[in-house]
Amino acid sequence: MTEIQNMKTVFKRTPTFKDYPTHYCPGCGHGIAHRLIAEIIDELGIHGRTIGIAPVGCAVLAYNYLDVDMVEVAHGRAPAVATGMKRTNPDKIIFSYQGDGDLAAIGTAEIIHAAHRAEQITVIFINNAVFGMTGGQMAPTTVLKQVTATTQHGRDEHLEGYPLQVSELLAILPGAVYVERCALCGPAQISKAKKAVKHAFELQVDGARGLSLVELLSPCPTYWRMSPVKAMEWIEKEMTKTFPLGKLKG
Amino acid sequence: MVDRVLMCGNEALAEAAVIAGCDAYFGYPITPQNEITAYMSQRMPQESRVFVQSESELAAINMVYGASATGKRAMTSSSSPGISLMQEGISYLAGAELPAVVVNVMRGGPGLGNIAPSQGDYFQATRGGGHGDYRTIVLAPSSVQELVDVMPLAFDLADQYRMTVVVLADGILGQMMEPVMFQKKPGRKLPPKDWALTGAQDREQNIVRSLWLGEGVLEELNYKLQAKYEKIQKNEVLCEQHEIEDVDSTGSPQAEIIVVAYGIVARIVRSAVDKAREEGIKVGWIRPITLWPFPSEQISKAADEFRIFLTVEMNLGQMVEDVKLAVAGKAPVLFYGRPGGGIPTVEEILDKIRQLTIPENKQKLKKV
């Protein structure tokens with residue numbers, strides 16, 4: 001015990017990040033994104049007035065990790081649910097956490113129209129270029145030539161279309177006040193991602209009149225069939241060619 | 001003294017919702033219920049409440065889901081094709097046990113159908129409508145005044161049982177104008193919404209969810225929902241009946257024929273029954289006001305005396321199945337209906353009633 005008395009706590013789990021065994025695969029980016037959100041909620045002191053929306057997908061159980069009031073919603077409908085929450089509770093901080101199947105496929109109408117109506121919500125968009133929970137099928141964001149369970153010879157633009165750049169689409173809408181794309185690959189990028197996510201929350205706290213969204217390129221080693229390290233490298237070398245990093249709006 | 005005002009059903013029910021304390025209305029235009037959306041767009045901001053015209057019915061019901069999850073009173077309205085789109089959300093509302101009020105001003109179907117009045121959505125409304133093992137309470141008013149009267153009840157029932165209450169009207173009720181009175185009456189004593197998402201300030205986090213992966217957990221939830229539904233079936237049935245209980249001086253029942261109808265059709269039936277009774281025909285009527293829970297007991301009791309049941313609907317036979325289940329073979333159950341915007345007339349119904357009084361027809365039915 002004497003050694004402990006002489007030690008100093010230099011790092012600890014932020015209170016909003018629950019002590020709960022992860023269900024995510026090794027090397028998955030969701031855990032990193034969850035922790036960033038938890039840290040930001042605590043740094044901004046908004047824990048007691050934040051309501052989160054969990055998507056359909058691997059992150060459906062996000063409430064097991066984030067110690068805030070949370071709701072589970074139908075696939076893709078998070079921005080509509082967020083609209084109902086924020087309009088009736090303008091003093092609350094409402095965020096949705098959505099994957100690429102959720103936001104860029106089935107929920108395209110909801111995200112576009114929430115932005116178009118300038119809903120004062122914060123959206124964290126996890127782009128891992130694949131449907132994770134259902135077994136690695138093609139997502140709208142799957143890059144060309146990428147092999148998935150439903151593009152076994154690689155995504156062919158003539159058969160399966162081009163990767164959908166939702167953030168670029170949203171950035172042209174006046175109702176989207178802030179859109180940035182970051183990547184969860186390595187400490188430097190993660191640090192940038194945290195700044196962006198924090199800014200997206202701050203805008204809502206400050207009453208910005210519109211939607212803020214941060215897209216996070218996130219590793220899925222399981223369905224990319226790569227090691228966690230290779231997956232991080234693939235984001236930096238390959239994925240960013242289709243999804244360039246940086247601020248798109250605001 | 002409360003003033004009577006002349007209003008169409010759609011606007012009247014919207015005003016009744018405002019008086020009932022509806023915090024938020026979300027909707028997407030569709031005929032024949034557009035007066036509700038237009039009225040709410042003007043009226044809700046006057047009360048500093050929320051109105052949003054959504055991008056789709058899918059979005060509208062999910063906005064209701066979001067507002068309701070935070071403990072607010074929320075509603076949407078639509079007509080048949082739009083209600084089909086809302087079924088996903090209504091199933092999630094059932095799973096997450098969230099209150100909601102959904103008004104369906106029915107029109108002809110299937111598909112895009114037409115914009116004429118219909119009762120084609122009875123099955124959808126009374127069987128849950130979306131995926132999974134659940135129910136919604138269904139209120140079926142038959143006048144503009146009753147539309148006004150059921151709105152506060154709809155919000156109270158939704159909050160009390162934490163579920164969707166469907167107010168099932170049709171194109172006639174929505175469009176027709178009748179004099180109505182608005183009276184704010186004390187509502188039910190309701191349980192606190194301690195499950196609502198209000199921010200986890202000085203308490204454990206609240207989670208609103210419908211995903212239950214653990215072994216047996218979803219089965220338990222379904223049993224819990226079922227227990228709630230059984231309580232509703234026991235306590236919340238509403239129906240109106242005439243000339244069913246009474247007997248004449250000889251001790252035989254006043255009514256040998258019972259016509260069962262709901263909504264606007266019950267009004268037409270009433271006129272037909274009145275005329276039939278003027279002709280000396282022993283006929284009564286039963287009008288379910290709650291379609292789920294269905295007044296099965298009342299109908300079953302009426303079937304204990306041998307009687308002929310005639311169900312009249314604006315479809316080709318939906319509620320008649322519930323009447324048959326309630327009668328359970330004790331008496332013949334006949335049907336008359338018109339689909340796709342066709343409206344049964346007083347003469348048509350009267351003619352059906354007259355046919356049932358012909359002795360040889362009666363004999364045939366007795367044999368069945």
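A residue counts as buried if 20 or more other C-beta atoms lie within 10 Å of its own, exposed if 12 or fewer, and partly exposed in between. Ala118(A) has 16 C-beta neighbours inside 10 Å, so Ala118(A) is partly exposed. The model in which this holds is a predicted one.

Ala118(A) sits in the loop that links α5 (108–116) to β4 (122–127) of chain A.

Asp202(B) is not a glycine, yet its phi is positive, about 55°. The loop between β8 (177–181) and β9 of chain B holds Asp202(B).

Two cis peptide bonds in chain B deserve a check. One runs from Thr31(B) to Pro32(B), with omega near 10°. Pro32(B) belongs to the loop between β2 and α2 (34–46) of chain B. Another joins Trp292(B) and Pro293(B), with omega about 0°. Pro293(B) falls in the loop between β13 (290–292) and α10 (296–302) of chain B.

**The two chains**

Chain A contains 10 helices and nine strands. Chain B contains 13 helices and 15 strands. Chain B has a radius of gyration of 21 Å, close to the 21 Å from the globule rule for 368 residues, so chain B is as compact as a globular protein of that length. For chain A, with 250 residues, a compact globule would have a radius of gyration near 18 Å, and the value for chain A is 18 Å, which agrees.

| Chain | Property | Value |
|---|---|---|
| Chain A | C-alpha box along the principal axes | roughly 65 × 45 × 30 Å |
| Chain B | C-alpha span along the principal axes | about 75 × 50 × 45 Å |
| Chain A | Buried residues | 54% of 250 residues |
| Chain B | Buried residues | 52% of 368 residues |

Contacts can be sorted by sequence separation. In chain A, take the contacts between residues at least 6 apart in sequence: 69% of them join residues at least 24 apart. In chain B, residues 24 or more positions apart account for 78% of the contacts with a separation of 6 or more.

**Helix α10 of chain A**

Helix α10(A) covers residues 228–242, which makes 15 residues. At 1.5 Å a residue, α10(A) should span 21 Å; its end C-alpha atoms are 20 Å apart, so the two values agree. Where does α10(A) bend? The bend is at Ile235(A), and it comes to about 40°.

Ile235(A) is also one of the buried residues of α10(A). An α-helix has 3.6 residues a turn, so residues three or four places apart point the same way. The cover over the buried residues of α10(A) includes β7 (176–183), β8 (211–217) and α9 (221–224) of chain A.

**Domains of chain B**

Chain B splits into domain 1 (4–189 + 208–235) and domain 2 (239–367). The C-alpha centres of these two domains of chain B are 28 Å apart. Their contact takes 24 residues from domain 1 of chain B and 22 residues from domain 2 of chain B.

On the domain 1 side, the elements giving two or more residues are α5 (122–126), β6 (137–139), β7 (164–170), α7 (171–175) and α8 (217–235) of chain B. Of these, α5(B) gives the most, with four residues. The residues on that side divide into 13 nonpolar, nine polar and two charged.

**Where the chains meet**

Contacts between the chains involve 35 residues of chain B and 29 residues of chain A. On the side of chain B, at least two residues each come from β2 (24–27), β3 (50–53), α3 (57–69), α4 (80–96) and β9 (207–208). Which element of chain B supplies the largest share? That is α3(B), with nine residues. The chain B side comprises 18 nonpolar, 12 polar and five charged residues.

Terms used: Residues numbered from 1 in each chain as written. Chains lettered and ligands numbered in written order. Predicted model: local features only at pLDDT ≥ 70, side-chain atom pairs only at ≥ 80, totals over all residues. Expected span 1.5 Å × (residues − 1). Bend = angle between axes of the 7 residues up to and from the residue. Contact = placed C-beta atoms within 7 Å. Domains from an automatic or database assignment. Nonpolar A, V, L, I, M, F, W, Y, C, P; charged D, E, K, R; others polar. Rg over C-alpha atoms; globule rule 2.2 N^0.38 Å.
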